[in-house]
Amino acid sequence: MFAYIVRRLLYAIPILIGVNLLTFVLFFIVNTPDNMARAHLGDKYVTQDAIDNWIEEKGYHGPMFINAEAEGIETLTDTVFFRQSIPLFAFDFGQADNGRDISTDIVERMGPSLTLALPTFIIGIWVNICVALMVLMFRGTSLDRFTVISFVTLMSISYMFYIIGGQYLISKEWQLLPVSGFHEDDAWRFLLLPVVIGVIAGLGSGARLYRALFIESSGQDFARTARAKGVTETGVLFRHILPNTMIPILTGIVVVIPMLFMGALVMESFFSIPGLGSFMLDAIQEQDFSKIRAMVYLGAVLYIIGLILTDISYTWADPRVRLS
Amino acid sequence: MKCRNLGRSSLLGATLLLLSACSDDPWNRPLPPDESGQKVYYSSYTGQPKHLDPVRAYSSDEGAIIDQIYDTPLQYHFLKRPYELEPSVATSMPLVEMLDENLQPLPEGSDAKPAFSRYTITIKSGIKYQPHPAFAKADNGQPLYFFNTVEQGSTYKELKDFEVHGTDVLTSDDFIYTLKRMSDPANKAPLIGLMSGYIVGMTELTEKLKADRKEDQWLDLRQYELEGVQKVDDHTYSILLKGTYPQFKYWLAFRFFAPVPWEADRFYHNPGFKDKNLTLDWNPIGTGPFMMTSNKPKREIILERNPNYREDFYPSEGMPDDVERGYLADAGKRLPFIDKAIFSNESSSTSQWSKFMQGYYDRSGETSANVTTSTFDQAFSMGPDGLELTPAMANKNIKADEELRPSINYLGFNMMDPVVGGYTEEKRKLRHAISIAWDSEELIQIFLNGMGQQAHSPVPPGLFGYRDGKEGMNPYIFNWNEATQAAERKSLEEAKQLLAEAGYPNGRDKDTGKPLILYMDYAASDSGPVPDWYRQQLKKLGIQLEFRTSDYPRFKEKMRQGNTQIFPWGWLADYPDPENFLFLLDSRQGSLKCECDGSNSSNYDNPRFDALYDRMKEIENGPERQALIDEMIAIAQKDSPWIYRYHRGEVYLSNEWTNNTKKHGISMATLKYVNVDPEQRAAQQMAWNKPNLVPLVAGVFGLIALVIPALRAFRRRQRLTIETDS
Amino acid sequence: MDLAIKPVLLGTDLLVYLLIAMIVMFLLSLKKNPQNRDRWRQVFSTRTGMVTFVIILSYISIALLDSLHFRKQMEPVAGQETTEVYYSNTINSVLDVMLGEMGENTERTYSAPLSLKSWVNENVIAEDGSITRAQPALVHAGQHLESPDDKVADIIWQSLVGAAKGLALAAVLIVLHKQMIARGERATGIRSTLPWRSAWITLAIVLGLLGLLIHLGNLYHVLGTDQAGNDTLYDSLKGIRTAVLIGTLTTLIAMPIAIVFGISAGYFKGWVDDVVQYIYTTLSSIPGLLLIAASVLMFQVWIDNNPQFFEVALEKADAKFLALCFILGITSWATLCRLLRAETLKISQLDYVEAAHAFGIGHAQILKRHILPNLSHIIMITFVLDFSGMVLAEAVLSYIGVGIDPTMASWGNMINLARAELAREPMVWWNLSGAFFLMFTLVLSANLFSDLVRDAFDPKTRVEAAKA
């Protein structure tokens, strides 16, 4: 197990280098350091000196990937790519274009992101499973068909519509909750609406998926045997079907957990929640390379952690699986 | 929301308990109520300030915050128009001396051109800085928080962690220190290029500092000499300028010239502080009316009253209608009035507006009025005398304050372009034809809701040199209508005639028949109402308009390289002097000519204009200056390197309980004048934000109506199972 | 002199034709493959399958009509010396022609559905020079009316006329189709068991509605106008092409990459497998939105720097759109690739493949005969399942500002603007509803249809069905 994890972590290194390289190429194909400096230094009275200063200070000077003029190993190390990438591996994201320290900002913003993403995630799964189980009890009836169609209907509505509609009705028309904003002291007032919207928006596809999973295991032999033994339908459901379906459900969930740290981009931006999702949106809109790079790197690391956790959870959920 | 609502039904009660603990507070309040009993001002911003370093912060988003914290030698009178400078930290207006090459004063009335000019500024004594750990001293008089290693300061994560605060007395050294910081390339002062051309010795200091600095190291600027800036005594300093620069006095009211104590610079250069966002760029230290106590740019910025603020009083004189509008109610009272100002970040103007209407923000916006086309009709209607508030707004007693910032919006022609540029008669006619067809008045009506004024020349109203009425009219585009006493745009036929004379009858080349296609360089999306409207203007003449869109940095790059044809652009004044507008047409400001990022974006080049500009720049306001400006404007109208579009105006809205809300137009340091009535605000917020419970109750019942039959059906099925499943 | 037209072939048009060609080829191949034909028969034997298919087909037809582009010639000017012909810088499609003047009837700004007056007060300068604020009359709504009071009666009458036109067309088509079926039945002697009646009813409803909307839409703004005064109905209909294309092209682009990489990884194993796994893990570990945003911005800059390739605005928007599809394809191929790799691994270990190896049959033959056919259901299912996801994703991308170019009509852009419109007082709801209903219908049909396809093709569910 331990050896396996170490090997997976080693395997992550080339992936992270690849991710970094790709970000670099994509960004610098179109943006020259000169452009970045100008965008940053503003409109009025800018001098070339100031621009050169900025580039030098930020470490964007010199060749991008290969320094033909340097000797030996410096061909690769005395480049923008090398200078900019090495600190990333130590999670030192440096300063954003506006001079703020990125790591500090990320840590500060992770809190609000999690307070939104975690409840949405947990309540969402809970509601989805409950609804799916409920529907399962009525399998084959018209109520079942009706709910399945409702699920498809729910998932055919654009996510944006739930947000726009919810915000309009609840906050603006009925004045039940604040329009947007965030405050630690009574965060629930700001989070209630986005969480409810997030849960409803995910209900259709989630409950439908779980229903399909439950149906699959309810047709299997252990369920038949249990029924044959005279166990009530509820008993079969909760004591046999649910635990056995937990395996695919859990493995599907585990990958997502680390990504919760990244926040919900659209939701945070609509409700002005100062989390990582809106941080990422800002980075895109400001074209702030330092921030984009940091977020891409962080996302990649979390994704890889998610993959490793999934593998581990397989062994946990199904003792027959061994990691080697 | 009173507690009796709870009793209606147990079910409803349970829901309500879940939603909100019973309190006297509106449910949708976006900020927790202030219970300290202080006078708090609530406002918002959409553009996050990026820099709060006084030598660096240039945008109005930044000014809205830091102009409240830093005090400048001079300031603008809050109420008087046209804009008037008055001493602020200085005891009086600066003493200006004209000097010859040997730094000897020129005799009074001498015709000789001064080689140097010297500004001597005396500041009030006894002014103190806000309390701040940078000034904290140990018992032995040594600074408490100046560290030499990262470890020493590692326990301090944010400013709140420093227990001891100190203060210091403002001296002329701090102003000198500011000018040295401006010269320091590490501070990236936007004005360094401009000021190096005037302040003696600034270029040399910049070079020296650049050579001396090693990575992020703190340089004690007190050890460096800035030749042109000298300390006379503890309260007096002088600045020596090359030549004359009468506009320099306006800069003295700008935040770039606010004092920065060396202790602040040293404190924020403690090793490791930069990684904790502990920098002067994020945490200002000033002598102004307010001090910053919290800075989370994505959430909120909180300013609190500076307990050490100097004696400063609300002005007692103003414009004739200021009394009537209530702007003089607090005359002579000690400033500032509010204890605390909370600026919340808003990601969209929609929610900003909603919260203003719900009474949670005292003003509709700080740097922008935030009255968009989508909210305009909610706010204003057209009355017999022009704009007036709608009845809904009037019922809420909302106040409207108009602001005309000195600005010009224009459509530039690139004078280097082979199609639209050039100085021949034909090209002039082409530009005039387009200018006539470009109906800016319609644009003002449609897109600015009438809040703006047709421009006739580069100089906006409110500044010296601006002429109103017939004399100010652009005669190439307009005719004077004696009956209505107003300028009337020339007819489209005249424009078409001019276009034909320019060689493009009906928008086709007269020789080849090829349609004339013009390209607009544009830094936004080329679809939507505004671009559509642009296309229509040229279509009137049969000219096709294509957009060459790009993102903002590349748009700027095209401007620098002269790679444009036509482009919408504008200028917002730094100070209220016509020089700040006419220099936009000075050929030496052309990007191609000066090989710099010049401000003459259309590369206009007219030697006569340049000569007049040089003279106009150097003399004081008076008949001679007016005559020069008149001639310059006439030249610019004839050559027409721009389509003079409009001077923008805005109307800011404030809730009833907010007072002294007059907008200044140039200065942003007006928070100290603002006054609020918290009791009235609390009452109105309650009245305006009654939650609508009907849908909530209906929703709960709906859910129950869904669950109960399901449960019943389930129970029934539960009994059936055993029989059917066997 | 009659004006010539010049056909224009946009990049996406080309792909649409390719798509149509593929569908035709696919239908032809069904004849050879009885097993697949049975599965499809299973899909269409349900009423839901029939109805949703007709709806999806109507959307695709509209998209196809909107993909036949051309430019009109400009009228020559008197006194013009040369005979050279110049073309207008707007590109039209056959759909524009069918919709009549709907696209050109722009007002100044918002107007409510079927209204005769603008929604927004404007400063109106009266003859005496005084300024009042009022709602000006619309330029293109109800111009044929003698008095505004006739509006309601006229709308009802014109609706009936329009619907009748559409129904007439539907009747003709249905009769033709009936005869075709009858002929087929006579030839084979087997009675068709498919629920054709559902299809006909759906077709009649769709065509009746379209007839009504087009007829009425040329007289009024049936769904009102947007901020720029463009007809909302027209914009919503034009959005169909964008949605259909983004749903299909993305997968179409992703598919070849996924198939090639997935199969070679699963089949050749070894270092090929390592490389492919490395590529897709790297790509999928980058947060999707950031990758999309970065690529879209990059392409935007490329377009801005190379204006010579694009003569008119729509070509630019189209290139951007194509790039967006391409980027979405790049980000979404990893999932399909992973599925294909796993399945290939499984299949290539089966006895008959091993046997084929033993007989010395070449890789190409094995891949073609044994592997590819056994993967077709996965590809099929992914294609239908991804469709609705992409249509929905477009709205989110537009919100972030990396979606469809605003010059191109798209539901995402319409929904995006709706946020500000709902905040107006009184609110503007029609733009949101127009986009919402068309989007909802398409996605719902696609979801229901893809369920059926999955049920029919997925071996797992088929076993289930057999057991039950």
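These questions and answers concern a predicted model.

Me: Which residues of α3(A) make the contact with α2(A)?
Reply: On the side of α2(A), the contact is made by A:Pro33, A:Asp34, A:Met36, A:Ala37, A:Arg38, A:His40 and A:Leu41. The residues of this contact of α2(A) with α3(A) include eight nonpolar, two polar and two charged. On the side of α3(A), the residues are A:Gln48, A:Ala50, A:Ile51, A:Trp54 and A:Ile55.

Me: Is C:Cys337 buried or exposed?
Reply: The relative accessibility of C:Cys337 is 0%. Buried means under 20% relative accessible area, so C:Cys337 counts as buried.

Me: Which residues does B:Ser347 touch, not counting residues up to four places away in sequence?
Reply: B:Ser347 lies in the loop between β10 (340-345) and α8 (349-357) of chain B. Its relative accessibility is 40%, so B:Ser347 counts as partly exposed. The residues that B:Ser347 touches are A:Ser269 and A:Ser272.

Me: How far apart in space are B:Ser347 and B:Asn395, C-alpha to C-alpha?
Reply: In sequence, B:Ser347 and B:Asn395 are 48 residues apart. In space, from C-alpha to C-alpha, the distance between B:Ser347 and B:Asn395 is 28 Å.

Technical notes: Residues are numbered from 1 along each chain as its sequence is written. Chains are lettered from A and ligands numbered from 1 in the order in which they are written. This is a predicted model: local features need pLDDT of at least 70, side-chain atom pairs count only at pLDDT 80 or more; totals for chains, interfaces and linings use all residues. Side-chain values use heavy atoms; hydrogens and water are left out. Contact means heavy atoms within 4.5 Å. Helices (H or I, at least four residues) and strands (E, at least two) are DSSP runs, numbered from the N terminus. Ala, Val, Leu, Ile, Met, Phe, Trp, Tyr, Cys and Pro count as nonpolar, Asp, Glu, Lys and Arg as charged, and the others, Gly among them, as polar. Buried means under 20% relative accessible area, exposed over 50%, partly exposed in between (1.4 Å probe, protein chains only).
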